[in-house]
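User: I'd like to go through this one with you, charged side chains to begin with and then a bit of sheet geometry. Can you take me through it?

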Amino acid sequence: MEERAYEIVVVGAGHAGIEAALAAARTGRSTVMLTMNLDNIGQMSCNPAIGGIGKGHLVREIDALGGEMGRAIDACGIQFRRLNTRKGAAVQATRAQADKARYRARMKRVVETTALLSVRQAHVVDLLVTDGRVGGVVTADGETIHAAAVVVTTGTFLDGLMYVGECTQSGGRHGDQAARGLGESLRRLGLATGRLKTGTCPRLDSRTIDYDSLLEQPGESAPLGFSFDAARPELPQISCHVTYTNPITHRIVRESIDKSPIYSGTIRSRGPRYCPSIEDKIVKFPGRDRHRVFLEPEGLDTTEVYPNGLSTALPLDVQKAFVTSIEGLRDAVIVRPGYAIEYDYVVPTQLRPSLEVRAVTGLFLAGQINGTTGYEEAAAQGLIAGVNACRQLGGEEPLVLGRAEAYIGVLIDDLVTRGVAGEPYRMFTSRAEYRLILREDNADLRLAGQAERLGLLGGQRRARLADKRVAVETGLAGLRGTPVNPSADVRRHLIELGEATTQRPITAFDLLRRPGLGYGEVAEIAGLERLDAEVERQLEIEAGYDGYIRRQFAEVERLRGLEAACLSEDLCYEEVEGLSGEATEKLARIRPTSLGQASRISGITPAAVAALAVHLKKTGQA
């Protein structure tokens, strides 16, 4: 069989694989992306949506780093909504329904037309590893593809098993075969693996739904997209609808619970806590008499509807019974059954913060193979793995984003430091200590320097970012440097706006810090020029959060020393005086790269961190 050679091989063409392959090719490396089905590149296996709380932040960061997900959903989104709008800007987020077919077709077109990127249909069954270094992959057809770096992004396909009631079949997704052989190859390399579960909802025929009896949920009237390049979404916008389960629904599920593989003992692994099956909801929340269901269209040119909230592995006849017990769904027809899927993942504490496997040079893992759930978490890891595969080949330091730099940094640090605790990891804003700094609105400003350094930004985007940065900095300087004296006109204007007057001179920035005033009102009072709407919004947020942001930056500076204190990967923890047996075992297993990372390992006490710091000083490493 012919042998081929590339610099980088990406295994898988889901959300992680796409971003990994595009990042590698766009930074100048010859790359091949291998997938078992060319027709399913960028497939949304579960809900037809991108974004949400925490997840939307990841998409904006992916976009800021030159990734594709934000641009794709803006081009293919059919409903955009802002979430948490009654809360502060730090936890507000964007979520969009996607036209699944258009999203998939667009991603296929992008990867197929990217220079230096080849896309091929192949089933990878083995890894070539010699003396601890990856050298390529072997396909089921017996072909050897050589590469200096390999990024594995197998999603739920690694030895996947699908369940509908008592029916079980091998597969990584409905209609697609599982990835066999590769999991055993990873275990032969000494990697510890485990099993996780996820699931999906039955799909319904929209023509059989009584929408007149349901609550309509429209999107934003003037939606803003995810990408910093896009002005507005491109497709027509449509509504979703809301309904609820009821006591009859719950009775049907309870009476059939022994037929669910989740409760019969067939499936032993745990699914995502924050996206439970309908069986889990009814068993674990017996006092609830209803649960909300969102009816989400899967596209403009299909009648399929995703009933978000009805994930299940119950038999099809039970699915039909509980679906038709729900208001608006009395005559609903199921066109695809819901199912659960169990799959292998690699314990992520075996990875470096670069997402490279510690035991195998040049082998990177990204996405659900690392124990995460969600398209956004997968895409974020894929981008970082693709970038770092390139940097590893060039002998350059890897891109490792800190917890104060990006939600992507929080995600990866959590994975490689703490693992996934036996259930799929999902991103939330609450996971970030510095979420006042890590907002959706400033992702481009936060990450522009990194993106430019890595060669991921085109000239037009660089110019736009430079203009925005200058505009924001100039606007802040103008606000801080513009005095507002307590004249009669100023006091009258403030009273008309329902604001307290001032008896002493203040600045326009002080005025903008008031929750009830926007930039427009302050500009009129202080005689300032109006600016671009995006810049004005940025200035309002910076002023509103000013004190909190300064305190968070002070905390980041205080902890910077811990992050800068590097720990050697071959450090012998048995030689560190003052460490308990538990601390020694955990540190030796996870191999943190800094005192900061060591301090975040579960069970590592401040005393253990202090002992490490003393050891570094005694051995001349600090």
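Analyst: The side chains of R173 and D176 meet in a salt bridge, with 3.0 Å from N to O; a salt bridge here is a side-chain nitrogen of Lys or Arg within 4 Å of a carboxyl oxygen of Asp or Glu. This is a predicted model, in which local features need pLDDT of at least 70 and side-chain atom pairs count only at pLDDT 80 or more, while totals for chains, interfaces and linings use all residues. Residues are numbered from 1 along each chain as its sequence is written, and side-chain values use heavy atoms, with hydrogens and water left out.

User: Are R173 and D176 buried or exposed?

Analyst: R173 is buried, and D176 is too, where buried means under 20% relative accessible area, exposed over 50% and partly exposed in between, with a 1.4 Å probe and protein chains only.

User: How many salt bridges does the structure hold?

Analyst: There are 61 salt bridges in the structure. A network of them links R26, D63, E68, R71, R106, D229, D444, R461, R464, K468 and E534. Within that list, R71 and E68 pair through their side chains at 3.4 Å, N to O; R71 counts as partly exposed because its relative accessibility is 22%, whereas E68, at 3%, counts as buried.

User: What about E296, which side chain does it meet?

Analyst: E296 forms a salt bridge with R95, again given N to O, at 3.4 Å. The pair links distant parts of the chain, with E296 in strand β18 (residues 292-297) and R95 in strand β6, 201 residues apart; strands are DSSP runs of E with at least two residues, helices are runs of H or I with at least four, and both are numbered from the N terminus. Both E296 and R95 are buried.

User: Let's switch to the sheet then. In what order do β4, β5 and β6 come?

Analyst: The three strands form an open, antiparallel sheet in the order β4-β6-β5, where two strands pair if DSSP finds at least two bridges between them. Because β4 (49-51) and β5 (77-83) stand at the edges with a single partner strand each, one side of each is left without a neighbour in the sheet. Neighbouring strands are turned by 20° against each other on average, direction ignored, with axes taken as lines fitted to C-alpha atoms, for helices over the stretch in contact, and angles running from 0 to 180 degrees between N-to-C directions.

User: How many bridges join β4 to β6?

Analyst: Three bridges join β4 to β6, which covers residues 93-98, and G51 stands opposite R95 there. Helix α3 (residues 69-76) packs on this sheet and touches β4, β5 and β6, its direction making about 115° with that of β5; touching, or contact, means heavy atoms within 4.5 Å.

User: Back to charges: which side chain of opposite charge is nearest to E19?

Analyst: That is R26, 5.5 Å away, and E19 is buried yet has no salt bridge; Lys and Arg count as positive and Asp and Glu as negative, while His and the chain ends are not counted. E19 lies in helix α1 (residues 15-26), and among the residues that E19 touches, not counting those up to four places away in sequence, are I62, E68 and L383.
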